[in-house]
Amino acid sequence: LSREERRRRRRATAKYRTAHATRERIRVEAFNVAFAELRRLLPTLPPDKKLSKIEILRLAICYISYLN
């Protein structure tokens, strides 16, 4: 078997898929925690207003510009 074929077979195993899904879940959770922390630092009215990730980023850019 070629190197590519061995790689494809390894990726097809349930153990590999489970491990990959676990790593992805941890990555996404860390990403969401980072957004929550950034959101907590930004001033908005009302303070508990739900914002999308793009809204958080745009608001952070505006706030940083304001602080400068």
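Arginine 11 counts as partly exposed, because its relative accessibility is 43%, where buried means under 20% relative accessible area, exposed over 50% and partly exposed in between, with a 1.4 Å probe and protein chains only. This is a predicted model in which local features need pLDDT of at least 70 and side-chain atom pairs count only at pLDDT 80 or more, while totals for chains, interfaces and linings use all residues. Residues are numbered from 1 along each chain as its sequence is written, and side-chain values use heavy atoms, with hydrogens and water left out.

Arginine 11 sits in helix H1 (residues 3–11), helices being DSSP runs of H or I with at least four residues and strands runs of E with at least two, numbered from the N terminus. Together with Arg3, Arg6 and Arg10, Arg11 forms a positive surface patch; a patch of this kind joins like charges within 9 Å, using residues with over 30% relative accessible area and no salt bridge.

The protein chain as a whole contains three helices and zero strands, and its pattern along the sequence is α-α-α. Its radius of gyration is 20 Å, well over the 11 Å that the globule rule gives for 68 residues, so the chain is more spread out than a compact globule; the radius is taken over C-alpha atoms, and the rule is 2.2 Å times the number of residues to the power 0.38. Along the principal axes, the C-alpha trace spans about 60 × 25 × 15 Å, and buried residues account for 10% of the 68 residues.

Turning to charge pairing, the structure holds four salt bridges, each defined as a side-chain nitrogen of Lys or Arg within 4 Å of a carboxyl oxygen of Asp or Glu. One of them links glutamate 4 to arginine 7 at 3.4 Å, N to O, and these two residues, three apart in helix H1, are separated by about one helical turn. In helix H2, glutamate 24 meets arginine 27 at 2.8 Å, N to O, again with the partners three residues apart, about one turn of the helix. Arginine 40 and glutamate 37 likewise form a salt bridge of 2.8 Å, N to O, and they too lie three residues apart in helix H2; arginine 40 is exposed, because its relative accessible area is 58%, whereas glutamate 37 is partly exposed at 38%. Elsewhere, salt bridges that share partners join Glu4, Arg7 and Arg8 into one network.

Definitions and conventions
Patch = residues over 30% accessible without salt bridge, like charges linked within 9 Å, V, L, I, M, F, W, Y side chains within 5 Å. Areas by Shrake-Rupley, 256 points an atom, 1.4 Å probe, with all protein chains shown as cover. Lys, Arg positive; Asp, Glu negative; His and termini not counted. Charge placed at Lys NZ, Arg CZ, Asp CG, Glu CD.
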